[in-house]
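Please look over the sequence and the model below before reading on. The briefing after them is for a reader who is new to this structure.

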Amino acid sequence: MKGIMYLISSLFLIMAPVAGYARVSVSLDLDRTQAYHGKGVGDSVRLVVTTSGTKSCDDRPRILGLAPFDVSGGGSSSRVEIVNGQYGTKLQHTYFLQPTDTGTFTIGPARVKVEGKVYESNTQELQVIEAPASEVPRASIFLTADLSTHRAFVEQQVLYILKLHLRERVSDLSLTLPETDDLTFKQLGKPREYRQTHNGRQYVVVEIRYALISAAKGTFDIAPAKIDLTVYEASRRRHKGLFNDPFFDDPFFKTGRPLQVESAPLRFEVCELPAKGRPADFSGMVGALHMESSLTPARIRVGESATLTVKLEGKGNVNRMPDPSLPEIKGIKVYADEPTFTITPDEEGLTGLKVMKWALVPEGAGTHQIPDLATSFFDVTQKRYETIRTRPRTLKVLPAKRDRDQTEAPTGRARETAAGSSKREDRTPVKQEVKEIGQDILPIHTSVRDMGHTYSSHRPVGLVLWIVLAVPFAAYVAVFTGLRLKRRSIRSMPALRAKKAVRNFLKAYGETPHDPLARMTALRNYMNDRFGLSLAIITPDEAARILTSRGVSPDKARALQAAFQRIEDAIYGGKEPSGTTTRDPVPALIKQIEKELP
């Protein structure tokens, strides 16, 4: 066995340089595109510079556009990977940015020098806005709500942003949104977690965004949003003895206190859309809209068809996106296809994409003009109606191939036909000898020797017959084997899922040696992926209870519970985690837990 492992490792070392290193590239990523700045408020935005295709850099990255921020380092990490035969590494440098002013800033590019050559990354925009003027509570847990604008038009999309600020460990969260007539809420993506400082106190913020659309004009008083949760306060005293064991921190031995937090009420004013300048074809679309068209192919023959495609992409109340209609075109039959419509939520709202297609079948040769299509919408940035049009298209139709052959053929052959017919008229019938022009389907054998020849000539038919008879048996064997492999793969899915969960955890955990929030996220994702859970927040007690219920020994469960506790203390206490990636016992602990799991 050792000899085989040695052979495999030797082949890997030999083949790795042959496979070649991936091309060096640099990318820059922000964990969000909007942050707050104000008196007593300090947002922390995470910036990651990733260098792919090299083992090391000549120096740390130089990042442009960081003057309006206080920058603190978050450490660096690296990993080795082989993708599609390409052997390479990824280096990641993490930074935390705290805005010192408001505005829209361009972050980047990041410049990295590798073996004397400088590589540049992409850029990203970060919008820093003034923090709300309302006084921030000094409680350890509170909820805030805000609108992207407090004055809008009917059916204009507005962002409703909820932020739950935490300095304590919580579980069992339940959100109740305000209910107001003529107002609808649509959640935009999953909740996000990040850190924020208020009045010198650091909080973990859970942010949830909604698209808010009003169906009528008026002034709306939006009631507070409410969150019910269970709070587990940090213990102020440590008892020595038996009951100092982390096992007795289980909810069976202690009870968290229930708590309800609610946001402040909001006032929202909605105005009617202006009647002046409203187009007749206005469908009610409010926001931003873009339209483009294409014709493929633009050159066809009679009997063929072309496809006209129109794409509408917009942001806002995309359910009111218009349906442009194609007018009748002389000399062309038009067949409309069923439109496709998709809605994609992101942190800035709802984006819609509508694709419409028409099949164009010309009735004759010639050049046909495909007219432009127009549609209207209300532009919220310009506060006026806009009409957009596609570009007119030209369809060139050539004659069909068979029509061309028929028009070109008569000139040369007509003379031969006429000459041949005149000659046949001058001929007199002449009696001809009887000739053999064919034989019967079955040959006539005149000797036994012919029979042997026939037998040998038909011998391949037997081979074909055997092949035909063998096909059903081969199909049965293939189906039977496929079903066996499928059952085996289904049985092996839990093992594959476990390996993937461990692999993803080790990768994410090792990349963030100085970020306790990211490490906590990696642990939660491991628990959810490994055991098929969907818990947004997993407490240390819940983690230990889940492991013991799955057959993990109590000491290993308590060890992971203690690891959860240390990371939570670092998060909510505002302390950086101690130790380095190599000394951290959590990865080794996860591997030991995996050995005990079924």
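This is a predicted model: local features need pLDDT of at least 70, side-chain atom pairs count only at pLDDT 80 or more; totals for chains, interfaces and linings use all residues.

Residues are numbered from 1 along each chain as its sequence is written, and side-chain values use heavy atoms, with hydrogens and water left out. Helices (H or I, at least four residues) and strands (E, at least two) are DSSP runs, numbered from the N terminus.

**Pocket and cavities**

- On a 1 Å grid over the protein atoms alone, a pocket is an open set of points with protein on both sides within 12 Å along at least five of seven lines, a cavity is a set of points where a 1.4 Å probe fits but cannot get out, and lining residues have an atom within 4 Å of a point.
- Grid points are joined across faces, edges and corners, and a volume is the space filled by probe spheres set on the points.
- The volume of the largest pocket is about 1,300 Å³.
- This pocket is lined by 42 residues, and those closest to its centre are Pro191, Arg192, Glu193, Thr521 and Arg524.
- Helix 7 gives the most to the lining of the largest pocket, with 6 residues.
- The lining of the largest pocket has 17 nonpolar, 12 polar and 13 charged residues, where Ala, Val, Leu, Ile, Met, Phe, Trp, Tyr, Cys and Pro count as nonpolar, Asp, Glu, Lys and Arg as charged, and the others, Gly among them, as polar.
- The whole structure has 4 cavities of 30 Å³ or more, and the largest cavity holds about 60 Å³ of space.
- Among the 11 residues lining the largest cavity, Gln34, Tyr36, Lys163, Glu207 and Arg209 are the closest to its centre.
- Strand 2 gives the most to the lining of the largest cavity, with 3 residues, and by class this lining has 4 nonpolar, 1 polar and 6 charged residues.

**Helix pair**

- Helix 7 (residues 516–531) packs with helix 10 (residues 586–596) at an angle of about 10°, and their axes are 13 Å apart.
- That makes helix 7 roughly parallel to helix 10, a label for angles under 35 degrees.
- Axes are lines fitted to C-alpha atoms, for helices over the stretch in contact, and angles run from 0 to 180 degrees between N-to-C directions.
- Leu523, Tyr526 and Arg530 of helix 7 make the contact with Val586, Ile590, Ile593 and Glu594 of helix 10, contact meaning heavy atoms within 4.5 Å.

**Open sheets**

- Two strands pair if DSSP finds at least two bridges between them.
- Strand 29 runs antiparallel to strand 32 (residues 393–398), joined by 5 bridges, and Gln369 has Thr394 in strand 32 as its bridge partner.
- An open sheet of 3 strands in the order 15-20-21 has antiparallel pairing.
- Strand 20 (residues 226–232) and strand 21 are paired over 6 bridges, and Leu229 has Leu259 in strand 21 as its bridge partner.

**Hairpin**

- Strand 9 (residues 110–114) and strand 10 (residues 117–120) run antiparallel and are joined by 4 bridges, with Val112 opposite Tyr119.
- These strands form a hairpin with 2 residues between them, and Glu115 in the turn has a positive phi of about 50°.

Terms used. Angles under 35 degrees count as roughly parallel, over 145 as roughly antiparallel, 65 to 115 as roughly perpendicular and the rest as oblique.
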